[in-house]
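Please keep the sequence and the model in view while reading the numbered points.

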Amino acid sequence: MGNGFRRVSLTSSRVRATSGRIDFLSFSAEGFRYRCLGPGALLSLPRDGHREEVIRTKAFEDYIRDNVVSWFEWSKNQRLPVDAIEDLILVNGYTLVDSWAAVTFVGRTGSAEISLVAQTPDRSERSFEFPNIQGDVTQHCSYFNSVRFSCPVYSPDTDVLCCKKDNPSPDQCVFIKGFRAKRRLFWTVPIRAAAEPLPDEPDDSREDGIQVNRVPDAPKVGSPPVVR
Amino acid sequence: MQGQPYDVYRERLSSLYHGYALWEPEPVKRLYDKVSIGDVGYVYNGFFYRMFNVTRQWGHPSNQKLRASKPAHYKPMKKYVFDDIHESRFSKGDYHSPGVSKEDNTDFRWAMDSGE
């Protein structure tokens, strides 16, 4: 693995490493190469996650419609970075995992490529490596920030950062489902009879409404789920 | 801003119908321990920031993280709404947008087999 490949590696346990390689004797590992021309994204999950979703969604639609304006005003009072009503999300479902690797092919320079190695030493420990990155790719993975872990260790023989996680319960949310709402402005133009007297008010009047959409909205690039 | 990794990631992976893809799945610990049904919040730089949770009374400790007075007309959602929660396993594996191709990394396997 050469050619200036950058190794970004994290593992949840102490691993023996020499000359820039991991001693794989106690590990099961699999590596794949991903290529993308233009923008793209990848989420890799080495272990099953947990999903919960409320079925009775009509109540959520009604609730956000009734309350989103006050929530937005409240957020402005708190000086939160909420620019528009439609930035607010009411969560009615989520997917939690305990480990992940995420890759964005930003797509500014055409084709890009990355290799991903997932290792699973045992049931409680797993790690990722990105041994080969070419092109305009941004990547990271769970446990990247060692501040969450109890005993981060850096081995001077390699560029592998070793971490141990305190709490193995899944708390990493990779997908959110929910609702958001936005103001909808529309004009109503009453139809009047020819002999009807001129009104005191203008003929057309503006009404404000709240339109509720699912999060995410209808996809811009459609495709059935890809799971391999 | 379009072109940021978290925006490209959200747009591309959300097309898979699993939900809004968070580039930063890590919970914002000073605000919440994990995402919950009934959370109200916003996404900023790929993180989900929870403001409060509408399944709980305003006085609940988890709704006091921002130490703010409650929004006007705040009333928690009715509990019966949460009687029908569908739980399921989310399969391990790779989830990627249509333009991404995947192949075995034979270089890596060779390095392992040869002990390099």
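1. The structure is a predicted model, and the remarks on local features apply to residues with pLDDT of at least 70. Side-chain atom pairs are counted only at pLDDT 80 or more, whereas totals for chains and interfaces use all residues.

2. Architecture of chain B. The chain contains two helices and six strands. Their order along the sequence of chain B is α-β-β-β-β-β-β-α. Of the 116 residues in chain B, 49% are buried. Considering contacts in chain B between residues at least 6 apart in sequence, one finds that 19% join residues at least 24 apart.

3. Extent of the interface. Contact between the two chains involves 81 residues of chain B and 85 residues of chain A. The area buried between chain B and chain A is about 7900 Å², and carbon and sulfur atoms give 61% of that area. Across this interface, 29 residue pairs are in polar contact, both members being at pLDDT 80 or more. Elements of chain B that each supply at least two residues to the side touching chain A include helix α1 (5-13), strand β3 (47-53), strand β4 (85-90) and helix α2 (106-114). The composition by class of that side of chain B is 39 nonpolar, 20 polar and 22 charged residues.

4. Strand pairing between chains. Which strand of chain A is joined to β4(B) by six bridges? It is strand β6 (residues 49-54) of chain A, and the two strands run antiparallel. Within this pairing, A:Val54 has B:Ile85 of β4(B) as its bridge partner.

5. Salt bridges in total and across the interface. Over all chains the count comes to 15 salt bridges, and five salt bridges are counted between chain B and chain A. One pair that links the chains is B:Lys29 with A:Asp171, whose closest N and O atoms are 3.2 Å apart.

6. The pair B:Glu103 and A:Arg33. These residues form a salt bridge in which the closest N and O atoms are 3.2 Å apart. The pair crosses between chains, with B:Glu103 in strand β6 of chain B and A:Arg33 in strand β4 (residues 28-37) of chain A.

7. A:Arg56 counts as partly exposed because its relative accessibility is 32%. B:Asp84 is likewise partly exposed, with a relative accessible area of 33%.

8. The side chains of B:Arg10 and B:Asp7 meet in a salt bridge with an N to O distance of 3.2 Å. How many residues separate B:Arg10 and B:Asp7 in helix α1 of chain B? They are three residues apart, which means a separation of about one helical turn. B:Asp7 counts as buried, at 10% relative accessibility.

9. Is B:Arg50 buried or exposed? B:Arg50 is buried, because its relative accessible area is 5%, and the cut-off for a buried residue is under 20%. Leaving aside neighbours within four places in sequence, B:Arg50 is in contact with several residues, among them B:Leu31, B:Tyr32, B:Val40, B:Arg56 and B:Asn63. The side chains of B:Arg50 and B:Asp39 are joined by a polar contact of 3.4 Å. As for B:Asp7, the residue discussed under point 8, B:Arg50 and B:Asp7 are 43 residues apart in sequence and 19 Å apart in space, C-alpha to C-alpha.

Key: Residues numbered from 1 in each chain as written. Chains lettered and ligands numbered in written order. Heavy atoms only, no water. Contact = heavy atoms within 4.5 Å. Buried area = accessible area lost by both parts, 1.4 Å probe. Salt bridge = Lys/Arg side-chain N within 4 Å of Asp/Glu carboxyl O. Polar contact = N/O pair within 3.5 Å; in protein donor to acceptor, adjacent residues only side chain to side chain. Helix = DSSP H or I, 4+ residues; strand = E, 2+ residues; numbered from the N terminus. Nonpolar A, V, L, I, M, F, W, Y, C, P; charged D, E, K, R; others polar. Pairing = 2+ DSSP bridges. Buried < 20%, exposed > 50% of the residue type's maximum accessible area, 1.4 Å probe, protein only.
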